[in-house]
Structure formats: structure tokens, C-alpha cells
Amino acid sequence: MTHAFKVAVLGASGLVGRTMLQILEQRRFPVSELVPLASPRSAGRKVTFAGREYTVKAVSKEAFEGVDLALFSAGGGPSRQWAPVAAAAGALVVDNSSAFRMDPDVPLCVPEVNLEQARRPPKGIVANPNCSTIQLLVALAPLHREIPIRRIVVSSYQAVSGAGSRASECLVAQRRALAADEVPEPGAIGAVLEGDLLMQWTPDPVTGYQEEELKLIHESRKILGMPELMVSPTCVRVPVDTGHAEAVCVEFEAPMTPERARALLKAAPGVEVIDDLPAGVYPKPSMAAGRDPVLVGRIREDLGLAGGICLYVVADNLRKGAALNAIQIAESLLLS
Ligand SMILES: NC(=O)c1ccc[n+]([C@@H]2O[C@H](COP(=O)([O-])OP(=O)(O)OC[C@H]3O[C@@H](n4cnc5c(N)ncnc54)[C@H](OP(=O)(O)O)[C@@H]3O)[C@@H](O)[C@H]2O)c1
């Protein structure tokens, strides 16, 4: 009989936490006992997992007793406070927040790209990269293995669910207000997103970049083990519910052809090539939402740079961008 694991999910009432519960069930992860955790605000709420109802508890030290796997998706503060506690209790912690991503003793893992780095994590913690980094590297790693990448230029079009449940609810309220000819409230998003494009991530006064853009730079460098990799990102929030898109241009150490790139991507794990522009076929957030693969299309020569490639990368930010990637890490480390 397969060994089954006691699994805690911190942030079980949130968008990523709820997606984790769905994916654990869909993939039949062997769960002997589920411990859904959140803040005291959600304590007492019910969640359903594998046909059983569980009560969400407020996170505490005792909650991690006997836990084998702790999936964290409650933000940086709770991760900093509770991940060391869960790891000391013997759990493998897979953390979705940015708290430990740049810690040299914490592997930052996309299983299709650098799984080996995640084996035997020194602190018992493995970090899940940011959603925009995960889908970018799932698409670029197969090309990078063939010809090393020199520079990445990436513009993102990021869905509102990437900012959590309050932002998603806020966009719904903004749509409702506009439909009723009322003035929409900025609410949790901080501005009116419906009908517009926003750049609301924390600005870095030194570089002029948004925090989200710096994550793309630093996380890509750490995962690929290339501290000097040139990454030029611009991140934009769009009024889409779920599914981030990225327009990417890549420069390689030697010329890459679109034909070779397409063949490599067709054979790549976790990638689905959707690429027939004359027939109107290209990846869309609506095609990615609720699905696992990273969709890649618009694979073409970079007319602005000889030997370069441009492509368009779309994925479900809640699944591959967060919950699925975390569970794939757990499966790789605990089940194989
Ligand atoms: N959304 C995405 O696409 C995405 C992608 C990659 C990474 N992430 C990361 O995943 C994490 C969760 O994101 P989300 O979108 O699921 O956010 P969310 O919908 O706002 O959910 C946040 C969850 O964290 C819990 N929480 C908040 N403060 C807490 C505290 N002090 N102690 C214990 N639990 C606390 C909340 O519990 P209550 O219900 O009790 O408030 C809720 O369950 C964040 O770190 C985010 O950066 C998100």
C-alpha cells in the first residue's frame, strides 16, 4: 500500500489554498489527514476535500504536529513566522510566498526546470517561484538547454486573481458598478482596473522597476543558475480573471530557428504548443484557466534581432503559477 501523508494547507480559505485542495484531490495525492489552516478570521469555516468536510483552524504551533507536508499560501509574513515552525516539526514545507525565494539555503524550484536543486532542502523549505516566473521558465528552459539564453525581454499581462481573493472580488464589484452606471470603487485593487491596464505593484525607488518585475529578474537568475542573465521585464495587470500572458523575446548565444524552437517546445514537459495565427489560433487566458499546461504560441523569428525568437506564453496563475507547481514539487520529493 502507498504511504499516505498528513498534509497541512496554510491559506486554505484563499484562492491558491482552495486550488491546492482541488489539485491534491484531482491528482489523488495520498492524504491520510488534511489540516486546513488560515488566520483566525476564517477559523471555523468549512472546506470540502475528497468528499469530506473539514473545519479550517487558526494556524498555531500545535497544528503542525505530525504533519508530513505543509503547503503554504498565506503571504510572506505568515510564511516567515510559521514555515520554520512547520519544518522543525518535521514537515516538508513548500512555500508560495516570496519570503524565502532568494534565501541561498532554500531551493527555488520549477520541477520541469531544476528539480535536482530541490532535493534535500537544507532548511526543510522549498520555495515556489512567482507565477510569472514559473510559466516563463517552463517555456524557455527547453530552448535554453539546446542553446544557452543570453537575454530575455518579457512583457506580462497578468490576471487579477494573481493579487488574491480580495482583488478578484473587487474587479467583480467594479464591473457591477460600471454596468449599473455607477462610479466604481478602487477597493482592494487600489484603482479601477475594469476597462484599463494598471501597474500597481510596489515600486522600487532605486531602479524604477516594480517589485513584480524584479522578481522576474532575480528568480530567473537563481533558477537557471545564471547570476548575470539579462532580463528586461515590464509587468501589467489586465482586467482578466485568471490566466497570465507574457510576450517574450529571447536572445541566444547562437542563432535559434523558429522551427527548432517549435520542435523543442512540442516535446517539452508541461508545455502545449497552440500556434496557428492565420487560423486565429493562439494561446488565450480563457484557454489556460482551469488547465495545467503552459500554452505557447506565436513562435517566430525576432525580426528585431538576428537569431532571436519571440513567443507568447499563457498559463493559469493559480494552478501552474502556484498550487500545481507546489504540489508537483511535493510529489517529486515525497512520492518518487
Ligand atoms: N494568486 C496567485 O495567482 C498567486 C500566484 C503565486 C503565488 N501566490 C502567493 O500565494 C499566497 C496566497 O495568495 P492568494 O492569491 O491565495 O491570496 P488570498 O486569496 O488573499 O488568500 C490568502 C490566504 O492566506 C490566509 N492568511 C492571510 N493572513 C494570514 C495570517 N496572518 N495567518 C494565517 N493565514 C493568513 C488567508 O486566511 P483568511 O481567510 O483567514 O484571511 C487566506 O487563506 C501569497 O503569498 C501570494 O503571493 C499567489
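**Close-up views of a predicted model**

**View 1. Helices on the sheet.** Helix α4 (residues 131-146) lies across β9 (149-158), β11 (244-252), β12, β13 and β14 (309-315), and runs at about 35° to β11. Helix α6 (residues 211-224) also packs on the sheet, where it touches β9, β10 and β11, and its direction makes about 145° with that of β10. Helices (H or I, at least four residues) and strands (E, at least two) are DSSP runs numbered from the N terminus. Axes are lines fitted to C-alpha atoms, for helices over the stretch in contact, with angles from 0 to 180 degrees between N-to-C directions; contact means heavy atoms within 4.5 Å. This is a predicted model, in which local features need pLDDT of at least 70 and side-chain atom pairs count only at pLDDT 80 or more, while totals for chains, interfaces and linings use all residues. Residues are numbered from 1 along each chain as its sequence is written, and side-chain values use heavy atoms, with hydrogens and water left out.

View 2. Six strands with mixed pairing form an open sheet in the order β10-β9-β11-β14-β13-β12; two strands pair if DSSP finds at least two bridges between them. Because β10 (230-237) and β12 (271-273) stand at the edges with a single partner strand each, one side of each has no neighbour in the sheet. Strands β12 and β13 (residues 294-301) pair in the parallel sense over three bridges, and valine 273 stands opposite valine 296 in β13.

**View 3. The largest nonpolar core.** Among the 61 residues of this core, Phe64, Phe72, Leu140, Leu143, Ile152, Val248 and Leu311 touch the most other members. Such a core is a set of buried Ala, Val, Leu, Ile, Met, Phe, Trp, Tyr and Cys residues joined through side-chain atoms within 4.5 Å; buried means under 20% relative accessible area, exposed over 50%, partly exposed in between (1.4 Å probe, protein chains only). Helix α4 supplies the largest share, eight residues. Domain 1 (5-129 + 322-334) and domain 2 (133-317) both contribute residues, so the core lies between them; the domain bounds come from an automatic or database domain assignment.

**View 4. Serine 79.** This residue is located in helix α2 (residues 76-88). Serine 79 counts as buried because its relative accessibility is 0%. Leaving aside neighbours within four places in sequence, serine 79 is in contact with Phe72, Pro84, Asp95, Ser97, Ala99 and Phe100.
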